[in-house]
Amino acid sequence: MSEVARRRFLQGAGVLGVAGALGTGTASATTRYQWLSGDHHAHTQYSYDGMYTIEQQIRGALRHGTDWLVITDHGHASHEAHSVEATAADLRRAQRKFPQLLLWHGMEWNVPGAEHATLFFEDCHDEAGVLRDFERQFDWRLNGAEASSPANEKKALDAIRFLQTKIRNGTMKSALVFVNHPMRNGRVAPHELRNMRDLAPDIVVGMEAAPGAQGDGDPLRGPGGHRGGYSNSPGSNSYAAYPPEAYRTYGGFDWMTAKVGGVWDSLLAEGLGWWITSNSDSHFNSRDTIVRVPEPGDQFDLTGKHLDPVDSGPPQISPPYVDFFPGEFSRTVVGATRRTRGAVMEGLRAGRAWVSHGGLVDDLQFGVYASGGTQTMGGRLRVRRGSDVTVLVKVRLATRPNSAGFIPRLRRLDLIKGAVTGRSSSETLATPHVKVERSYEPRWHYAVFTHTFRNVREPFFVRLRGTDGNRGAFEPQADTPGAANPWEDLWCYTNPIFVEVR
C-alpha cells in the first residue's frame with residue numbers, strides 16, 4: 001500500500017487523528033466518529049441490592065470521564081410496584097442538571113430461563129409505563145419463570161417480540177438488549193444466545209465481555225476473592241455442557257470472550273454480529289466514603305427505594321460487592337456519528353466499540369482496507385476474491401494515572417483472525433479456525449501497526465486484544481483468590497471486523 005493510500009485509510013477509518021482526550025467526545029476533522037465512553041449497567045437505591053442516588057452515580061461517572069450512562073435497576077416486585085415513576089422523575093431532574101451526560105432509564109431484566117440482561121429504549125413514549133409493563137409480564141422475579149426450561153425460554157423470546165411490536169407500532173424508535181455476566185452462573189445456554197440474536201438481531205446485539213464487581217478480587221481494597229463474583233459452580237439451572245473452568249474470569253473477562261476459539265468466536269464464525277461491552281455493574285464502589293444508612297429491614301419491600309446514603313468520611317468496610325463507578329475501571333468506548341442517545345445506540349448496535357480495563361490505553365483505533373473500501377469495528381468489508389486486505393491499528397498509550405494511582409503500560413497487542421464458516425449447531429461452544437495472527441509490542445506514546453492478508457480467498461473476521469503482560473503467560477490466566485487483583489492484570493478488546501469475499 002502506498003503511503004498516500006495508507007494515510008487516506010487511516011483518516012477515513014478514524015485510525016488517524018484520534019478524538020482528543022477520552023471522555024470529551026470531541027472529534028478532529030479527520031475522524032468520522034466521536035468516540036464516547038460509557039456504561040450500560042449501573043444500579044441505584046432503586047435496586048434491592050443497590051445504594052446510590054441517581055445523582056451520586058452520575059457525579060461519580062462524570063469524575064471518570066463518562067459520556068453516556070444507562071441506569072439499570074433490577075427487576076423486582078417492589079421495583080415494579082413503586083420504583084419506576086420515581087426513577088423516571090429523578091432522571092428527568094438529572095438530565096436538566098447534568099446536560100453533558102447522555103442518560104437512559106433502563107432496567108436489568110431477569111430473563112426467563114436464564115439470568116440477567118440490560119434493556120433500554122430510544123425515543124419511547126411513556127417510557128416508564130412500557131418498562132413497568134415489560135417488567136410485569138416478562139421478569140422472572142415477578143412471574144416465577146426463573147427455571148431453565150423450554151417454556152421459560154419461549155417466554156424470553158415473547159419478551160423480545162413485545163419490544164418488536166412496540167417498535168413497529170411507533171411506541172419507541174428502537175431498543176437494545178445486552179446479556180450481562182453470561183458465565184457467572186452458566187445459565188445462558190449457547191442456543192439461547194443464538195435464538196434471541198436470530199429473532200431480533202437489531203435488538204439483542206451482544207453481551208458483557210467482562211462483568212462488573214471487578215473489585216471483588218482486590219486484596220487491598222476488597223475481599224481478595226473472585227473478580228466479578230465469578231465464584232460459582234454448575235447449578236440446577238446451568239447449561240450442562242459448560243466445563244468447570246467456564247465459571248471463572250480470565251484477566252477479568254468472561255470465559256465466553258477470553259477463550260480464543262470459544263463461544264464468542266463460534267458466534268462470529270457464523271458471520272453474524274455479536275458485540276461485546278464492559279461495564280461497572282456499580283452497587284457499592286471501591287474505597288468510597290458514601291455508605292448506606294441503617295433502615296428497617298422492609299424498607300425496600302414497602303417503598304421500592306433504599307434511604308439516601310450519606311458520606312461518612314471513612315471508606316465503607318466489607319460491602320456486599322466491590323464495584324467501581326462507571327468509567328472508573330471498565331469502559332465501553334463507542335463510535336457515534338453525533339453526541340446523541342440515538343447515535344450511541346446506533347454505534348452499539350453496529351458493534352462500533354472497544355472495551356478496556358484500568359485505563360490501559362487512552363485510545364484504540366482499528367480498521368481494515370482493501371481496494372475500494374475501508375471499515376472499522378463492527379463493519380463488513382466486501383472484497384473480490386484474490387484481493388489483498390490490510391489491517392491498520394493505532395493505539396495511544398496511557399499518559400494519566402488511573403484511579404489506583406499509576407499509569408498502566410500496554411505491553412502487547414494481539415491481532416486475532418477467525419474463519420467465517422457459516423451457521424453451526426445452536427449448541428456450538430467453540431470453533432477451531434481462530435488464531436492469533438500477529439502480535440505487536442507498542443514502544444512509543446503513539447503506535448501504528450499494519451498487517452496485510454495477501455490473496456484473500458475465503459471470508460474471515462479480525463479482532464484485537466491487548467494486555468499489560470503482568471501475568472506473564474501469552475493467554476489470559478484464570479483469576480483465582482490471591483491472584484485476582486484487578487489492577488495487576490489489565491486487558492482491552494475490540495469488536496471484530498468482517499471481511500466478505502465475492
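I take buried to mean under 20% relative accessible area, exposed to mean over 50%, and partly exposed to mean in between, with a 1.4 Å probe and protein chains only. By that scale I looked up aspartate 123, which counts as partly exposed because its relative accessibility is 48%. I noted that this is a predicted model, in which local features need pLDDT of at least 70, side-chain atom pairs count only at pLDDT 80 or more, and totals for chains, interfaces and linings use all residues. Residues are numbered from 1 along each chain as its sequence is written, and side-chain values use heavy atoms, with hydrogens and water left out.

**Entry on a loop**

I name helices (H or I, at least four residues) and strands (E, at least two) as DSSP runs, numbered from the N terminus. Aspartate 123 sits in the loop between strand S4 (116-122) and helix H4 (127-138), and its phi is near 50°, a positive value in a residue other than glycine. Aspartate 126 lies in the loop between S4 and H4 and has a positive phi of about 55°, although it is not a glycine. Aspartate 126 counts as exposed because its relative accessibility is 57%.

**Entry on the cores**

I then turned to nonpolar cores, meaning sets of buried Ala, Val, Leu, Ile, Met, Phe, Trp, Tyr and Cys residues joined through side-chain atoms within 4.5 Å. The largest has 78 residues, and Trp109 and Leu163 have the most contacts inside it. Helix H6 (residues 150-168) gives the most to this core, with six residues. I listed the contacts (heavy atoms within 4.5 Å) of leucine 163: leaving aside neighbours within four places in sequence, they are Leu119, Phe121, Phe134, Met172, Ala175, Val177 and Ile203. A second, separate core of 37 residues includes Trp354, Val383, Val395 and Val499.

**Entry on strands**

I followed strand S9 (residues 275-278), from which Trp275 and Thr277 point one way and Ile276 and Ser278 the other, all of them buried. In a regular strand the side chains alternate between the two faces of the sheet. Strand S6 (residues 204-210) runs parallel to S9 and is joined to it by four bridges, with methionine 207 standing opposite isoleucine 276 in S9.

Elsewhere I found an open sheet of four strands, in the order S15-S14-S17-S20 and with antiparallel pairing, where two strands pair if DSSP finds at least two bridges between them. Strand S15 (373-376) and strand S20 (446-453) stand at the edges with a single partner strand each, so one side of each is left without a neighbour in the sheet. Within the sheet, eight bridges join strand S14 (residues 361-370) to strand S17 (residues 389-397), which run antiparallel, and phenylalanine 366 has valine 393 in S17 as its bridge partner.

**Entry on another loop**

Isoleucine 407 lies in the loop between S17 and strand S18 (412-419), and I recorded it as partly exposed because its relative accessible area is 43%. Not counting residues up to four places away in sequence, isoleucine 407 touches Ala398, Thr399, Arg400 and Pro401. I also looked up the separation of the C-alpha atoms of isoleucine 407 and phenylalanine 284, which are 123 residues apart along the chain, and it is 24 Å.
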